[in-house]
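Trainee: I would like to go through this structure with you. Can we take the terms one by one?

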Amino acid sequence: MTDTAVQLEGREHSLHAQAHDALVPAVAHTKGQQHPIKLYLVVWGWLFVLSTCSYLVDYFGIHGHLRWSLILLFMVLKAGLIVAVFMHMAWERLALAYAILLPPVLVLVFVAIMVFESDYTHLLRAIFFAPTA
Amino acid sequence: MAETALTDTVASTTRPEGWRGIAADWSSDQRAFKNVSWGKAMMWIFLLSDTFIFSCFLLSYMTTRMSTTVPWPNPGEVFALRIGDREIPLILIAIMTFILISSSGTMAMAVNFGYRHDRARTAALMLATAAFGATFVGMQAFEWTKLIMEGVRPWGNPWGAEQFGSSFFMITGFHGTHVTIGVIFLIAIARKVWRGDFDVGRRGFFTSRKGHYEIVEITGLYWHFVDLVWVFIFALFYLW
């Protein structure tokens, strides 16, 4: 890089810095993701509580539909907290949020397909491969 | 490129919100993600693709577990640990969960201090996150060793359905690999933060671009994703 180029680049930077300084008071809240530390600590606490709850479901040996609905509920709540607050999705523009969050929801269609498929496989195995002593 | 991102952040206050905003952003030509830098957008898109990979693992696990006629081993008993004279179900997995959640907490705070240009605290919190991550991987290695000693193999195990071993090694192995890569990534970025690379505009070794503190948030995105995947593994593999 030639000297002039370096100089030019340097000037551009100082200009940019000045322009930036001028803008800072008005837009300080939009620069980066800045949120109070307390928010993170509260979410952290909730994640601990929810994890403890889901562990207790197993510890107390809750069974049947109650077990599965509780496990799924705690799972979804934890995932939601992590994505929304820790990953800052709650403060992103909707264009990004929908682009990232909608496709995984479509995986549920795949889940439904595989539930039917495995039911069918299980049926065939039970009919034709059952141990006949 | 970084400059565009900055000016766009400023302009974002005047952009439309809600559905109108989505339509405007996506039909605006050039860039759909207006106030997000390319680095962050690419990390999100990578994480989306990684979501599909883990979805496929969990789906194949679901399919094998639902379609097998042999009873599935009870994870509560398999992963129980003897402490004192009592078998406590899943205790090691519970501790691993708490460790990973704590690492997410320290990471979130590191991002915060990074944007405040508080170098010492950012680097310290990132190293704490890496230490939690390394502890997690260590406990996972212990768990694998214990299970292998008890005779769990990808093709069979002493307690029931043969697919248990292959599902377990595949899912937790892939997750553990992600944690390990995350630890390396964290240490590398923490070193840069500590050295002040992002304050003096030092150029990076690979792309020779100047970095800024946003890389701490991007590293954080990856790390929180690792924690997120564990939430699903914990619920669907260990508790189900």
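Trainee: How many cavities of 30 Å³ or more does the rule count?

Mentor: The count comes to four cavities of 30 Å³ or more. First, the ground rules. This is a predicted model, where local features need pLDDT of at least 70, side-chain atom pairs count only at pLDDT 80 or more, and totals for chains, interfaces and linings use all residues. Residues are numbered from 1 along each chain as its sequence is written, chains are lettered from A and ligands numbered from 1 in the order in which they are written, and side-chain values use heavy atoms, with hydrogens and water left out.

Trainee: What makes a space a cavity and not a pocket?

Mentor: On a 1 Å grid over the protein atoms alone, a cavity is a set of points where a 1.4 Å probe fits but cannot get out. A pocket is an open set with protein on both sides within 12 Å along at least five of seven lines. Lining residues have an atom within 4 Å of a point. The second largest cavity holds about 50 Å³. Its lining includes Val78(B), Glu143(B) and Lys146(B).

Trainee: Which residues lie nearest the centre of the second largest pocket?

Mentor: They are Met75(A), Leu108(A), Ser55(B), Phe232(B) and Leu236(B), out of 36 lining residues. The space in this pocket is about 1,300 Å³. By class, the lining has 32 nonpolar, three polar and one charged residues.

Trainee: Why is His178(B) called buried?

Mentor: Buried means under 20% relative accessible area, exposed over 50%, partly exposed in between (1.4 Å probe, protein chains only). His178(B) has 8%, so it is buried. Contact means heavy atoms within 4.5 Å. Leaving out residues up to four places away in sequence, His178(B) touches Asp50(B), Phe54(B), Tyr222(B) and Val226(B).

Trainee: What is the area buried between chain A and chain B?

Mentor: About 5,800 Å², with 73% from carbon and sulfur atoms. Buried area is the accessible area (1.4 Å probe) that two parts lose on being put together, summed over both. Tyr55(A), Met87(A) and Arg93(A) supply 14% of the area that chain A buries against chain B, more than any other three residues. In contacts, 58 residues of chain A meet 73 residues of chain B.

Trainee: What makes the pair Arg93(A) and Glu17(B) a salt bridge?

Mentor: The rule asks for a side-chain nitrogen of Lys or Arg within 4 Å of a carboxyl oxygen of Asp or Glu. Arg93(A) and Glu17(B) come to 3.4 Å, N to O, and form a salt bridge. The rule finds three salt bridges across the interface of chain A and chain B.

Terms used:
Grid points are joined across faces, edges and corners, and a volume is the space filled by probe spheres set on the points. Ala, Val, Leu, Ile, Met, Phe, Trp, Tyr, Cys and Pro count as nonpolar, Asp, Glu, Lys and Arg as charged, and the others, Gly among them, as polar.
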